[in-house]
Amino acid sequence: MTQKLLLSLAKKYDTPLYVYDSGKISAQYKRITTAFSSVASLRINYAVKALSNINILKVFKQLNSGLDTVSIQEVQLGLKAGFDPNDIIFTPNGVSLEEIEQAKDLGVQINIDNISILEQFGQKHPKTPVCIRINPHIMAGGNSKISVGHIDSKFGISIHQLPHIHRVVENTGMLINGIHMHTGSDIYDVDAFLRATEILFNAAETFKDLAYIDFGSGFKVPYKEGDIETDIEELGKKLSKRFNEFCKDFGRDLTLMFEPGKFLVSEAGKFLVNVNVVKQTTSTVFAGVDTGMNHLIRPMFYDAYHHIENISNPKGKERFYSVVGYICETDTLGANRRINEISEGDILSFSNAGAYCFSMASNYNSRYRPAEVLIHKGKDYLIRKRETIDDILRNQEQLTL
Ligand SMILES: *Cc1c(COP(=O)(O)O)cnc(C)c1O
């Protein structure tokens with residue numbers, strides 16, 4: 001997406017505006033499928049929570065991807081986007097037995113991540129195949145909020161509880177068709193990832209009805225120039241080889257699964273905002289924009305870095321700015337950034353705005369959430385209208401007091 005195109009979209013649809021490029025999404029999808037092309041059966045399930053607009057799900061449907069879902073609502077969205085229930089895996093954490101039964105009734109693949117629910121579900125529905133989420137206890141992840149594989153993590157069933165899992169499986173007669181791990185986001189160390197997969201292979205050997213092994217996700221993408229990213233090609237080469245050996249020992253071909261979110265959509269998104277005010281204080285030049293942490297929470301929540309460019313003045317002299325939101329508390333979107341000279345009314349573009357940006361947006365300060373546009377095959381489509389005051393009031397009962 002060129003700066004010129006982005007600028008014209010900001011004019012056409014107004015700001016704040018999220019823009020997604022389906023071409024980049026399919027290029028990333030093809031990178032994974034190519035990296036693992038020596039595996040007989042590969043399945044990529046896009047993690048819906050990264051970016052859940054129904055049109056994005058339809059893009060993945062066209063790519064022949066499956067979906068990874070973490071709530072019954074994401075399952076419903078996937079079905080509405082036209083996915084076959086067989087192509088949806090439900091991987092929630094800490095949800096009720098009722099919600100898991102709802103997913104079962106919709107016919108989607110279920111993944112269970114605690115022994116209590118495994119036991120209850122197995123007793124009631126021994127014939128429904130179930131996948132088990134294992135926690136291999138390998139430290140991974142960009143920061144403590146997104147690292148989910150460590151010993152104190154709430155995610156998965158500890159690998160040390162494997163004997164207990166087997167007792168539950170035997171006692172209930174339930175069928176385990178998949179084994180799964182998801183160790184966290186932002187994995188850049190291929191060897192750490194491979195160590196976790198060895199633990200999963202050891203566990204997998206002990207389940208005779210297995211149809212697939214799901215290695216989760218956590219692929220890191222670059223946010224800054226020169227940033228390290230998961231070397232998907234190297235991982236593909238090493239893990240495919242190991243997976244094929246495992247299948248040979250196991251006696252038949254299994255499906256290798258992944259469920260990436262960030263890797264598939266992060267770089268496909270840009271977030272366009274308008275500069276409301278340039279304000280010089282004693283120490284800092286602030287650029288105040290028509291958005292805030294209500295629309296882009298990652299900088300304040302995870303200390304995430306999103307690259308910011310001034311697309312209205314790309315050749316202007318570079319100066320230092322702190323780009324801040326309009327929310328009535330500190331919401332810094334980028335501190336002390338070198339950006340081409342900013343004037344009020346300029347359009348700034350945030351990179352890596354595809355994953356965990358719109359999907360984490362809220363109406364805090366009673367602001368409208370941004371509109372969303374999809375660039376698909378050379379055309380732009382509005383895929384989410386701008387909100388109005390009716391959206392803010394929609395479910396509020398108005399009492400006469
Ligand atoms: C969030 C999540 C993913 C996607 O993680 P990314 O870092 O976006 O690739 C995959 N699987 C599960 C179970 C998740 O919760």
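Mentor: Start with a pair of helices. The crossing of α8 and α9 is right-handed. A crossing is right-handed if the near helix is turned clockwise from the far one by less than a right angle, and left-handed if anticlockwise. Helices here are DSSP runs of H or I with at least four residues, strands are E runs of at least two, and both are numbered from the N terminus.

Trainee: What kind of model is this?

Mentor: A predicted one, in which local features need pLDDT of at least 70, side-chain atom pairs count only at pLDDT 80 or more, and totals for chains, interfaces and linings use all residues. Residues are numbered from 1 along each chain as its sequence is written, and side-chain values use heavy atoms, with hydrogens and water left out.

Trainee: At what angle do α8 and α9 cross?

Mentor: First, the method. Axes are lines fitted to C-alpha atoms, for helices over the stretch in contact, and angles run from 0 to 180 degrees between N-to-C directions. Helix α8 (residues 190–204) and α9 cross at roughly 15°, and their axes come within 11 Å. That makes α8 roughly parallel to α9. The classes are roughly parallel under 35 degrees, roughly antiparallel over 145, roughly perpendicular from 65 to 115, and oblique for the rest.

Trainee: Which residues of α8 and α9 meet?

Mentor: Contact means heavy atoms within 4.5 Å. On the α8 side are Val190, Asp191, Phe193, Leu194, Thr197, Glu198, Phe201 and Ala204. They meet Glu234, Leu235, Lys238, Leu239, Arg242, Phe243, Phe246 and Phe250 in α9. By class, the contact of α8 with α9 has 10 nonpolar, one polar and five charged residues. Nonpolar covers Ala, Val, Leu, Ile, Met, Phe, Trp, Tyr, Cys and Pro; charged covers Asp, Glu, Lys and Arg; the others, Gly among them, are polar.

Trainee: Is leucine 235 buried or exposed?

Mentor: Buried means under 20% relative accessible area, exposed over 50%, and partly exposed in between, with a 1.4 Å probe and protein chains only. Leucine 235 is buried, at 1%. It belongs to helix α9 (residues 232–250). Leaving aside neighbours within four places in sequence, leucine 235 contacts Phe36, Val190, Phe193, Leu194, Phe219 and Ser240. Its C-alpha atom is 9.6 Å from that of aspartate 189, which is 46 residues away along the chain.

Trainee: At what angle do helix α5 and helix α6 pack?

Mentor: Helix α5 (residues 97–105) and helix α6 (residues 115–124) pack at about 45°, with axes 11 Å apart. That makes α5 oblique to α6. The crossing is right-handed. Leu97, Ile100, Glu101 and Lys104 of α5 make the contact with Ile117, Gln120, Phe121 and Lys124 of α6. By class, that gives four nonpolar, one polar and three charged residues.

Trainee: How far apart are the axes of α6 and helix α7?

Mentor: The axes of α6 and helix α7 (residues 162–172) are 9 Å apart, at an angle of about 10°. These two helices are therefore roughly parallel to each other. Ile115, Leu118, Glu119, Gly122 and Gln123 of α6 make the contact with His164, Ile165, Val168 and Thr172 of α7. The residues of that contact divide into four nonpolar, four polar and one charged.

Trainee: How many disulfides does a search of the whole structure find?

Mentor: A disulfide is a covalent bond between the sulfur atoms of two cysteines. The test is a pair of cysteine sulfur atoms within 2.5 Å. The search finds zero. Take cysteine 131: the closest cysteine sulfur, in cysteine 247, is 15 Å from its own, too far for a bond. Cysteine 131 is buried, at 0% relative accessible area, whereas cysteine 328 is exposed, at 71%.

Trainee: Which phi does aspartate 303 have, positive or negative?

Mentor: Positive, about 55°, although aspartate 303 is not a glycine. Its place is the loop between α11 (298–302) and β13 (308–310). Aspartate 303 is exposed, at 70% relative accessibility. Tyrosine 356 also has a positive phi, near 60°. Tyrosine 356 sits in the loop between β16 (347–350) and β17 (371–376), and counts as buried at 15% relative accessibility.
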